[in-house]
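Here is a short walk through this structure for someone meeting it for the first time. Please keep the view open while you read the numbered points.

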Amino acid sequence: DSTMGALKDKYSIQTPENNSCNVYIFEKYYMRVVGSLTLTMILDDFCGKTRFHVASGGGKHALLSETDYGAEKRFEDDLKEAFAEYIVEN
């Protein structure tokens, strides 16, 4: 799905108690930063319910200022929107 970008890597682990943790790393090109961003998504069910965490990186900031082009947040928001129907709480 172009919303999430290209899946670059995936790692999964399962505990003897049958709990799991899955880590996905996505990459997506953004024109506004003239480059690719990465997004890491972590899903686990260690607490009896599925938890979802995302973190992005690689965005650019304007030279000599605090201006942020917002691409990292947009990438995170795109992923959260894609999973919105499954999110019970934030």
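Predicted model: local features only at pLDDT ≥ 70, side-chain atom pairs only at ≥ 80, totals over all residues.

1. As general background, nonpolar side chains in soluble globular proteins tend to be buried together.

2. You will find Leu 37 in strand S3. Leu 37 counts as buried because its relative accessible area is 0%, where buried means under 20%.

3. Now step back to the strands. Four of them form an open sheet with antiparallel pairing, in the order S1-S2-S3-S4. At the edges are strand S1 (6-14) and strand S4 (51-57), each of which pairs on one side only. On average, and with direction ignored, neighbouring strands of this sheet are turned by 15° against each other.

4. **How the strands pair.** S1 and strand S2 (residues 20-30) are joined in the antiparallel sense over eight bridges; Leu 7, for example, has Phe 26 in S2 as its bridge partner. S2 and S3 run antiparallel and are joined by 10 bridges. Between S3 and S4, also antiparallel, there are seven bridges, and here Ile 42 has His 53 in S4 as its bridge partner.

5. **The helix across the sheet.** Helix H1 (residues 71-82) lies across S2, strand S3 (35-44) and S4. Relative to S4, H1 runs at about 155°.

6. What is the phi of Asn 18? Asn 18 has a positive phi of about 75°, although it is not a glycine. Most residues other than glycine have a negative phi. Asn 18 lies in the loop between S1 and S2 and is exposed, with a relative accessible area of 54%. The hairpin formed by S3 and S4 has six residues between the strands, and Gly 48 in its turn has a positive phi of about 90°.

7. **The salt bridges.** How many salt bridges does the structure hold? There are two. In one, Lys 8 meets Glu 27, with the closest N and O atoms 3.5 Å apart. Lys 8 lies in strand S1 and Glu 27 in strand S2, so this pair ties together parts that are 19 residues apart in sequence. Lys 8 is exposed at 53% relative accessibility, whereas Glu 27 is partly exposed at 30%. In the other, the side chains of Arg 51 and Asp 44 meet at 3.0 Å, N to O. Arg 51 is partly exposed, with 37% relative accessibility, while Asp 44 counts as buried at 11%.

Definitions and conventions: Residues numbered from 1 in each chain as written. Heavy atoms only, no water. Pairing = 2+ DSSP bridges. Helix = DSSP H or I, 4+ residues; strand = E, 2+ residues; numbered from the N terminus. Axes fitted to C-alpha atoms, helices over the stretch in contact; angles between N-to-C directions. Contact = heavy atoms within 4.5 Å. Buried < 20%, exposed > 50% of the residue type's maximum accessible area, 1.4 Å probe, protein only. Salt bridge = Lys/Arg side-chain N within 4 Å of Asp/Glu carboxyl O.
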